[in-house]
Every structure is written in C-alpha cells, then in structure tokens.
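Visitor: I would like a close look at one part of this model. Please take me through its salt bridges.

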Amino acid sequence: MNYYIYLMNFNFLDKLSPEYRNYKIERIKNGASKKLFFKISKGSDSFVCTDFNSDKLEYKNHLVVHRILSNIDISIPTLIEKNDDKLIIVSEDFGNLRYDKILKQQSIKDLLQYATDTLCIINKEINFNPSYALPQYNIKLFKNEIAELPQYYFSYNNIIDRIDSLNDEFFDIWIESFKQLNFNFKHFVHKDFNMNNLIFLPSREGHLKCGVIDYQNSFWGESSWDLFSLLEDSRIFFTDQYNAYFMNYFYSHSNQLISFKEFKLKYHLLNCSRQTRLLGRWVKLANELNQPWYLDFISTTKLRLQSSLAILQNNKLTKFYDKYIL
C-alpha cells in the first residue's frame with residue numbers, strides 16, 4: 001500500500017466510531033462514482049463503509065430510499081451506522097458475489113429469476129407517493145439524457161458535417177417518438193438495476209438471494225425501466241435468450257394496467273433512449289477519466305440498441321441510427 005492510500009484509509013477510519021478503529025480497512029474500487037467505498041473487517045465481522053462527502057444530496061437520498069425499501073420483503077444491506085455530520089454510512093457487507101462477476105459460475109436464468117422476482121415485489125408494494133420526495137421522470141429529463149449522444153458520440157464517430165441540423169433532426173425524431181406513447185411515470189425505479197449492483201446471496205431463500213445496492217438515484221418512472229436495466233446491461237454481453245420470458249413474467253406478476261403490447265413498446269423505446277445515452281456516456285467517461293476501456297462497452301451497447309430498434313419498427317429512428325450511429 002502506498003503512502004497516499006495509507007493516509008487516506010487512516011483518515012477515513014478516524015471518521016468512524018471508536019469501536020471500528022482497530023478494524024482492517026480496504027479501499028473498494030468505485031468505477032466512475034465520486035463516492036468512496038471501504039470494507040472494514042475484524043475476524044468474522046465485515047462491513048461496507050460509504051463516504052458521501054463528494055455529494056451531500058446522495059447521502060440524503062440514500063437514507064430516504066433505504067427507508068422505503070426497508071418496508072418491503074427484498075434484500076438490501078442493513079444500515080449499521082450513519083453520521084449526518086461526516087456523511088458516512090456503515091452497512092452490512094453482502095460479499096463479493098456480484099452478478100456480473102459470477103455469470104460463468106451460476107445459472108444466468110436463476111440469477112435473473114431472483115432479480116425479476118425482486119422487481120415484481122417492488123412494483124407491487126411501492127405505490128406512488130409524492131411525500132417520498134423522489135424526483136419524477138419527465139420529457140425534460142429524457143431530452144437531457146439522450147443529449148449525451150450528440151454531445152459526445154457524434155465527434156467520436158467522426159460526424160462533423162451539418163452537425164447543427166443533425167442535432168435538430170435527432171431531437172425532433174426522439175421527441176416525436178416519446179410523445180406517441182402515453183407514459184405514466186408513477187412507478188418506483190431503482191435506476192441502476194444493473195448486474196454490478198446486484199449481489200448473489202446463496203444462503204438466503206428465493207428472491208432474497210438477490211441483494212440490491214446503490215439505490216440512491218431512485219425516481220418515479222415507468223415500471224419497465226429496471227427490467228431493461230437488468231436484461232439489457234450494456235457493460236457485459238450475456239445471453240438474451242431469456243429476455244422474452246422475463247418480460248412476459250414481469251408483466252404477469254406485477255401491477256400492470258396497460259396491454260402487453262403497450263408495455264413492450266415502452267420497454268423498448270426507453271431502452272433505446274438509455275442505450276443512446278450510454279453511447280455518449282462511454283465516450284465521455286473515457287475522455288474525462290482518461291480510462292479508454294469504457295469504449296469497450298460501445299459494441300455491446302450497439303447490439304442492445306439494434307435489438308430494441310428492430311422490435312420498435314420506428315422507421316424514422318431506425319433510418320437515422322442506421323445512417324449515423326450504428
């Protein structure tokens with residue numbers, strides 16, 4: 001351990017309660033997150049500590065969502081300790097069996113089943129409640145998110161001719177497509193229900209084998225959002241042979257008041273918009289963090305995007321993407 005890491009770890013331990021001062025501390029890699037994660041352990045005791053000093057709002061949001069999710073029968077880490085002044089949370093350690101790390105050792109279908117059952121419970125048991133103070137998705141947020149593609153990906157893809165008119169065409173097509181569907185943004189959405197935020201808990205039963213973390217960015221949105229985050233994860237390419245099955249399963253086991261056809265259209269349009277954003281996001285992160293490996297996700301993102309475009313059969317979107325993006 002170099003001196004800088006030693007000093008940072010030492011300073012972090014100093015923020016915890018005295019009972020943890022003689023614990024072993026280990027920094028956990030956090031990818032693009034600005035939060036700091038540490039594992040502290042002594043003997044058989046092990047906890048995960050999160051330092052939210054980079055974003056006080058995320059600290060507050062984490063606690064708000066934790067209270068919501070604690071009232072339903074799913075697996076989230078037990079909160080051991082919090083410090084509102086130092087913006088530190090100590091939580092149960094779910095271990096290292098992250099979904100994206102164990103796909104070759106475990107049945108993919110079983111892992112997806114635990115996760116989808118968890119989503120069904122969330123959808124059925126959390127009703128829209130403005131008093132929860134969660135943000136609600138809307139067309140403005142939608143436009144801001146897809147804007148990452150023209151902002152970052154166009155230049156990466158060497159699109160430099162008539163860039164202003166292409167930007168206008170891009171947004172016009174997307175806004176028209178968005179308005180064709182009657183969205184109802186009143187369902188609880190984790191937002192980042194991806195393989196890297198799901199932990200396999202083999203000692204538990206049924207859906208409780210799926211541990212859910214990193215939920216502080218939750219909002220009110222469409223019920224299909226977390227499902228396509230799970231099934232269409234752009235960070236890894238794994239089989240999509242179960243996608244149709246789990247889409248039907250989720251629709252049948254959650255509180256849906258729309259036809260399956262409408263549910264499917266919303267799923268694929270929002271998945272297209274998410275993959276669109278991610279094409280720009282990978283370029284942005286690669287450049288800003290000087291970590292070019294983010295560009296490795298582009299090929300999988302394109303495959304996910306192509307799959308949903310084919311099902312949507314939206315001629316304008318497909319024509320634009322075939323010509324400029326894919």
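Is Arg-204 buried, exposed or partly exposed?

Guide: Arg-204 counts as partly exposed, because its relative accessibility is 26%. Bear in mind that this is a predicted model. The partner of Arg-204 is Glu-92. Their closest N and O atoms are 2.9 Å apart, and the two form a salt bridge. Glu-92 sits in strand β5 (residues 88-92), while Arg-204 is in the loop between β7 (198-200) and β8 (210-212), so the bridge ties together parts 112 residues apart in sequence. Glu-92 has 23% relative accessibility and therefore also counts as partly exposed.

This pair belongs to a wider set. A search of the whole structure finds 12 salt bridges. Another of them joins Glu-58 to Lys-35, with 3.2 Å between the closest N and O atoms. Glu-58 lies in helix α2 (residues 56-69) and Lys-35 in the loop between β1 (24-28) and β2 (36-42), so parts 23 residues apart in sequence are tied together. Here both Glu-58 and Lys-35 are buried.

Now take Glu-148 and Arg-281. Their side chains meet in a salt bridge, 2.6 Å from N to O. Glu-148 is in helix α5 (residues 148-156) and Arg-281 is in helix α9 (residues 260-288), so distant parts of the chain, 133 residues apart, are linked. Glu-148 counts as buried because its relative accessibility is 8%. Arg-281, at 22%, counts as partly exposed. The pair is part of a network: salt bridges with shared partners join Glu-145, Glu-148, Arg-277 and Arg-281.

Technical notes. Residues numbered from 1 in each chain as written. Predicted model: local features only at pLDDT ≥ 70, side-chain atom pairs only at ≥ 80, totals over all residues. Heavy atoms only, no water. Salt bridge = Lys/Arg side-chain N within 4 Å of Asp/Glu carboxyl O. Helix = DSSP H or I, 4+ residues; strand = E, 2+ residues; numbered from the N terminus. Buried < 20%, exposed > 50% of the residue type's maximum accessible area, 1.4 Å probe, protein only.
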